Every structure is written in C-alpha cells, then in structure tokens.
Amino acid sequence: MTREYKIAILNGDGIGPEVVDSAKRVLTAAAEDNSLAITFLDFPIGWQAYRKFGRTLPPDTLAGMSECDGWILGPLEAGSYPKDDKDYPMASGKIRKGFDLFANIRPVKSFLKGSKKIDFVIVRENTEDFYPDRNLFKGYGEFWPDEDTVLSLRVVTRRACKRISETAFSLARSRASKRLVTAVHKSNVLIEGDGLFLEEVRKASKAFPDIILNDGLVDSVGMQLVLSPEKFDVLVTTNLFGDILSDVAAAEVGGLGLAPSLNSGEKYAMAQAVHGSAPDIAGKGIANPVAEILSTSMLLEWLHSRNGDESLKRCASTIDNAVTKILASGEKELLTTDLGGNASTGQFTSEIVREIAAP
Ligand code: ATP
C-alpha cells in the first residue's frame, strides 16, 4: 500500500447521486485491484445543502474539500436554485473560480463498436470570459441599464490566456499523437479579447517547437468538428466556446453520457462529467455513468502527475480499460439506454466492477 488518498464526494442534483455512486464503486474496485488506499468523504452541495443550510455551497463543504486530495462532483441543477441561496447563482462556478481551477479538460473519444475513430481534447479556460458569475471581484457581470437592455461583461486576461495555452501545449506533447494544437477564437469580431487570447497562444507556442499550432474561427471549427473530427488533437479556447463545442463534439461519440471532464489548477482538481443534472431521467436508474467514471479516472491521472505515485496511474488505466472493453462489446444487455442498450445504471456499473475484478 502507498499513502492514503482522501477523495471528496459531492453528489450534486438530479442524476448526480446515481452517477457519482457508480464512480465510487468503480474507483473502489480499481483501487483494491491496484493496492491503492482511498477514503471517501461526503460533503453536501446543491439542493441537498440548500434544504439543510439554506445555501448550495456551505463553508464547511469548502473547508472539507480543501483538506482532500481530489474531488468528485456530480452535476448541479444551478438554474433551479432559489434567489435567496447565498451562493446564487452557481456553486460550481464559485468552486472553479475560488480554487483557481483554471483548466477544464474535456476529452472526446469514440468507444462504441463501429464508430469513426475520434480522439481529441478540448482545453477550455474555466475562470473568466462571458461567464458573469466569474468575471468580477464583487457583484455580477450582467447589468440592466434600462428595462429593455442587458449588458454582459466579457473578461479576458493575459494571465488566463497564457496558462491555458501552456496547459494545451503540454497536453499535446504528453499525448504524443498528432502533436497539434488548434486555437479556437472569433478574433475577427471580438478583436480585442480574442486578439489577446491569440497573441498569448502564439507566444506560448514558442516554448513548444515540436507542436504544430493552427487556429480557426469558432464557427468554422464547429463545422469541421462535425465533418472531420478525426483531424483534431488538442483544441484550446475560451470558456463559452469550449462549453458549446464540447457538447457538440460529445454528440459525435455517443452523447453526453460518454463525455468526461476534469477541472484542474495548480493545487486542486475536480472530476465533473460534462453533462447536467438531467432532471428528465433523474431517479429512474437509467443514467449513463461513463462520463463520471472517466472523469474520476482523469482525476487519478492528475494526482499521478502531481506526485508520481504509479499506483494512481495503474488505477486510472484499470478503469479506462474496463470501460473501453464493455463499451466496445456493443452488447445491448451491457449498455445503458442512451446507447441503445437495456442495462440500468447499477447493472452497467456492476459489469465494469466485474471486469476490473476478473483475473
Ligand atoms: P444543464 O443546463 O445543467 O447542462 P441540460 O438539461 O441542458 O442541463 P443535461 O442535464 O446534460 O442538460 O441533459 C441533456 C439531455 O441529455 C437530457 O435529455 C438528458 O436526459 C440527457 N443526459 C444527460 N446526461 C446523461 C447521462 N449521464 N445519461 C443519459 N442521458 C443523459
């Protein structure tokens, strides 16, 4: 056994408790298989926290999280939170900004039988841009100058552009696949903000002469992502563009149930599936837990990159291999309903756990 890792569990809303429970079960099995000691610590967030404490992100949750090595967060139904929530409008934004989780890494990979070979990663800036909950020190970045007009403030800083660019180039180097970074922007319209973004991407590229840099307008890249997704490797972009493009890209590989993500900074990282709380299927036991499970595996990789503990990396590979095998099987009784199968969330999870435990 190596040292023990404390993982914060933040169930979230809607299908959150279901998919987070799956991620926990799979991580427990993989940790056992790789002699990795994990302790889970539960902290209230979202509606669960609001009902008990009158706020969706209680200070004790934040304090508990800061004592953990990594966090697994379920989706939050932020749009439904009441206005008297002290953490209104968005607990996850507050976490991302407050803990400086500046990079949102969103891999897009085809796992399903017979699918086109797609394997790229969207590296999305996570702390500013058109997100009004994130771009001011105090207050909210949308204003009503009169009753028929709204101004939405966009913030782009040199520092954020620099570090997200460096993250993207480092990732392209570590993937050692196409060694290609595509910077996605709209600098013909957002001349100053995206001009600054592009300037910093180009500057950062100088330290990575082994990586090719391309760039493209977000509308044109959006179309290419649909027409020829296999030609991309790493895409780097600002917050809102990254959010939109990753949902579009997820649709090409089987939908949101297969889209994982990691929010990471220098000190902390949080596994969080790309999808939302999916209220339409919450509590029915049919949610696809793959996105949350693969996000958890990304968290293990991140922890490994920080401390070099090889059992973390092995544990991540164990999870990835098991998920890859079950998804590639194409067998209806193994896949969840969103993928055309008939397995419940629990049955799918048990199958992954069985695969991990198999000799
Ligand atoms: P948000 O604004 O929080 O992103 P949303 O309603 O726009 O929420 P999702 O909650 O992600 O988006 O749901 C979009 C659709 O995808 C819904 O029909 C939902 O049921 C489906 N969906 C999302 N996640 C999953 C999942 N893990 N498994 C199966 N279906 C899912």
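Q: Which residues in α5 meet which residues in α6?
A: This is a predicted model, to start with. On the α5 side, the residues are Arg158, Cys161, Lys162, Ile164, Ser165, Glu166 and Phe169. They meet Leu196, Phe197, Glu199, Glu200, Val201, Lys203, Ala204 and Ser205 in α6.

Q: How do the residues of that contact divide into nonpolar, polar and charged?
A: Seven are nonpolar, two are polar and six are charged in the contact of α5 with α6.

Q: At what angle do the axes of α5 and α6 cross?
A: Roughly 45 degrees, and the axes come within 8 Å. Helix α5 covers residues 158-175, and helix α6 covers residues 193-205. That angle makes α5 oblique to α6.

Q: Is the crossing of α5 and α6 left-handed or right-handed?
A: Right-handed, for α5 and α6.

Q: Where is alanine 176 found?
A: In a loop, between α5 and β8, with β8 at 180-185.

Q: OK, peptide bonds. Is the one from tyrosine 88 to proline 89 cis or trans?
A: Cis, with omega near 5 degrees. Most peptide bonds are trans.

Q: And where is proline 89 found?
A: Proline 89 sits in the loop between β3 (70-73) and α4 (91-98).

Q: Switching to the ligand. Which residues are around the ligand?
A: Ile15, Leu256 and Gly257 are among them. The run His275, Gly276, Ser277 and Ala278 is also included.

Q: How far is an oxygen atom of the ligand from a polar backbone atom of glycine 276?
A: 2.6 Å for glycine 276. Alanine 278 also has a polar backbone atom 2.8 Å from an oxygen atom of the ligand.

Q: What about serine 277?
A: A backbone N or O atom of serine 277 is 3.4 Å from a ligand oxygen atom.

Q: Back to helices. How do α7 and α8 cross?
A: Their axes cross at roughly 15 degrees and come within 10 Å. Helix α7 is residues 218-227, and helix α8 is residues 239-252. The angle makes α7 roughly parallel to α8. The crossing of α7 past α8 is right-handed.

Q: Which residues in α7 and α8 meet?
A: From α7, Val218, Gly222, Leu225 and Val226. From α8, Phe241, Leu245, Val248 and Glu252. The contact of α7 with α8 has six nonpolar residues, one polar and one charged.

Q: Last pair, α10 and α11. At what angle do their axes cross?
A: Roughly 120 degrees, with the axes of α10 (residues 310-329) and α11 (residues 345-357) coming within 9 Å. So α10 is oblique to α11. The α10 crossing past α11 is right-handed.

Q: Which residues make the contact of α10 and α11?
A: In α10, Thr318, Ala322, Val323, Lys325, Ile326 and Leu327. In α11, Phe348, Glu351, Ile352, Glu355 and Ile356.

Q: How many of the residues in the contact of α10 with α11 are nonpolar?
A: Seven are nonpolar, with one polar and three charged, in the contact of α10 with α11.

Conventions. Residues are numbered from 1 along each chain as its sequence is written. This is a predicted model: local features need pLDDT of at least 70, side-chain atom pairs count only at pLDDT 80 or more; totals for chains, interfaces and linings use all residues. Side-chain values use heavy atoms; hydrogens and water are left out. Axes are lines fitted to C-alpha atoms, for helices over the stretch in contact, and angles run from 0 to 180 degrees between N-to-C directions. Helices (H or I, at least four residues) and strands (E, at least two) are DSSP runs, numbered from the N terminus. Angles under 35 degrees count as roughly parallel, over 145 as roughly antiparallel, 65 to 115 as roughly perpendicular and the rest as oblique. A crossing is left-handed if the near helix is turned anticlockwise from the far one by less than a right angle, and right-handed if clockwise. Contact means heavy atoms within 4.5 Å. Ala, Val, Leu, Ile, Met, Phe, Trp, Tyr, Cys and Pro count as nonpolar, Asp, Glu, Lys and Arg as charged, and the others, Gly among them, as polar. A residue is near a molecule or strand if one of its heavy atoms lies within 4 Å of it. A polar contact is a pair of N or O atoms within 3.5 Å; within protein, one must be able to donate a hydrogen and the other to accept it, and residues adjacent in sequence count only if both atoms are side-chain atoms.
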